[in-house]
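Please have the sequence and the 3D view open as you read.

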Amino acid sequence: MKVTFVGAAQTVTGSCHLVEANGLRLLFDCGMYQGHDAARNREPFPFDPQKIDYVILTHAHLDHCGMIPRLVREGFRGHVISTRPTADIARHILLDAAHLQEEEAEREARRARRRGEPPPEPLFDVGDALAAMDHFSLRIEYGKELKLDHGVSLILHDAGHILGSGIAELRAGGRVLVYTGDLGSWGRPIVRDPSPAPPCDLLVSEGTYGDRPHRSFAESVAEFRDAINTVLGRGGSVLVPSFALERTQEVLYVLYGLWKKAEIPRSARIVLDSPLGSAVTRVFSKYADWFDKEGRELFSHPENPFRFPALSVTRSVEDSKRLNHVGGGYIIVAGSGMCTGGRIVHHLRHRLWREEDGVVFVGYQARGTLGRAIVEGAKTVRIMGEEVAVRARIWTINGFSAHADREELLHWISGAEAGQVVLVHGEEHALTALAAGLASRGIEVTIPSPGDSLEL
Ligand SMILES: [Zn+2]
Ligand SMILES: [Zn+2]
């Protein structure tokens, strides 16, 4: 077996690793680079897409599935292997990404034409995303071995990261390779706790938060509650910029719990204003039997975190616009999570300058985004070409992360019986800090550079 670390080597996004085993060529994920690394999405693949037999997709986040449409466009004819929820969610994520790529290409084309240059092609379009979905032809269940050709087989274990996420265990010629995809955090709602690592010859682990701890989930819920009560108590409304996948469903879960126990006013109006968030939430409803024990119990009732009297879901742009004219008492959950687009941008323009309102950030804000500027205390920000004063109260809650933190990673990796350990999916400082922590427990690890290979 040979593994080549194509993407997410010393960086968080762009997960993609090539495995060659018994004459088969497989990819562990085929994800998109985001933020600062986005230009790398246009680089040629360092392998021939026509010669890839399988893509093993660990979960539906864009940084793991986002380049599958391009792979298909460039000749991939094989199968994408995933769990059922991952395939269903990926459809929404890829179509949304394709729309955004088309819009961006359209904008770029206008600029290029003005410069007298040829317009750029979108990275992929809606047609490519739909074609990609035709390759999602193999479903896998947790713990059940899937036999591929040439004596290679695959088992997926629950990664506890987002709905349907898996840790891949690949077996070939008596060798075992384990790849975490993204590893979840323990004790979170909806998802189950991550499975222990199976014994293996090589463990490829993520290390996103290898350098820091998270605040506990319970503390984060209390912070969220206090922020909401402060704002609603002053007659304002709360904006919650939220990622459509997993974070939105968790936020609804938390809000339902607070509302049910009257820890926030029972009169609060909670609005989900995110077309992608609503679509993904509908997929979650379909897979309630995949939730953890508590989640299954909660969702066995007609009233549950996705359906309760205080919650409404916008159906149209008009519904969304109407929210601009409501006063206080509202909690508006909208995308995008880092305020780089979507309906949250409109809500911020209408509310950021109002002293009585509040914004609660519940996810990571990358450098260069509107969300990051607000979190870092900008006095004014530019929204849709207009200067807007930041007078609303701002909160940042860090404990809703879907990733294992430093302690959890150290515990999980050192509990694995692994011949070799390789760290990926993390900034360099996070991975070196994690490597040092593991070294003090007697585990030596490798941190590959992009393009490095390892022979098993
Ligand atoms: Zn992920
Ligand atoms: Zn990831």
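How near to each other do the axes of helix H3 (residues 84-115) and helix H4 (residues 126-133) come, and at what angle do they cross? The axes of H3 and H4 come within 8 Å and cross at roughly 165°. Before going further, a word on the basis: this is a predicted model, in which local features need pLDDT of at least 70 and side-chain atom pairs count only at pLDDT 80 or more, while totals for chains, interfaces and linings use all residues. Residues are numbered from 1 along each chain as its sequence is written, chains are lettered from A and ligands numbered from 1 in the order in which they are written, and side-chain values use heavy atoms, with hydrogens and water left out.

**Two helix pairs**

Helices (H or I, at least four residues) and strands (E, at least two) are DSSP runs, numbered from the N terminus. Axes are lines fitted to C-alpha atoms, for helices over the stretch in contact, and angles run from 0 to 180 degrees between N-to-C directions. Angles under 35 degrees count as roughly parallel, over 145 as roughly antiparallel, 65 to 115 as roughly perpendicular and the rest as oblique. H3 and H4 are therefore roughly antiparallel to each other.

Contact means heavy atoms within 4.5 Å. Residues of H3 including Ala87, Leu94 and Glu102 meet Val126, Ala129, Leu130 and Met133 in H4.

In a second pair, helix H5 (residues 217-233) packs with helix H6 (residues 247-260) at an angle of about 70°, their axes 11 Å apart. H5 and H6 are therefore roughly perpendicular to each other. Among the residues making this contact are Phe217 and Phe224 of H5 and Val254 and Leu258 of H6.

**The zinc ions**

Donors are N, O and S atoms within 2.8 Å of the metal (3.2 Å for Na, K and Ca); water is not among the atoms, so sites may look incomplete.

| Ion | Donors | Distance |
|---|---|---|
| Zinc ion (ligand 1) | His59 (NE2), His61 (ND1), His161 (NE2), Asp182 (OD) | 2.2 to 2.3 Å |
| Zinc ion (ligand 2) | Asp63 (OD), His64 (NE2), Asp182 (OD), His425 (NE2) | 2.2 to 2.3 Å |

Four donors count as tetrahedral if all angles lie between 85 and 135 degrees; four count as square planar and six as octahedral if opposite donors are over 155 degrees apart and all others between 65 and 115; anything else is irregular. The four donor atoms around the zinc ion (ligand 2) subtend angles of 89 to 161°, which makes the arrangement irregular. The site of the zinc ion (ligand 1) is irregular too, with angles of 92 to 163°.

Which residue coordinates both ions? Asp182 does, and the ions are 3.4 Å apart. Asp182, in the loop between E10 and E11, and His61, in the loop between strand E4 (54-56) and helix H1 (62-65), link distant parts of the chain, 121 residues apart.

**Buried residues**

Buried means under 20% relative accessible area, exposed over 50%, partly exposed in between (1.4 Å probe, protein chains only). At 2% relative accessibility, Asp182 counts as buried, and His425 is buried as well.

His17 lies in strand E2 (residues 16-21) and, at 1% relative accessibility, counts as buried. Leaving aside residues up to four places away in sequence, His17 touches residues including Phe5, Phe28, Tyr179 and Val424.

In helix H12 (residues 406-415), Glu408, Leu409, Leu410, Trp412 and Ile413 are buried. These buried residues of H12 pack against strand E9 (166-172), E11, E20 and H13.
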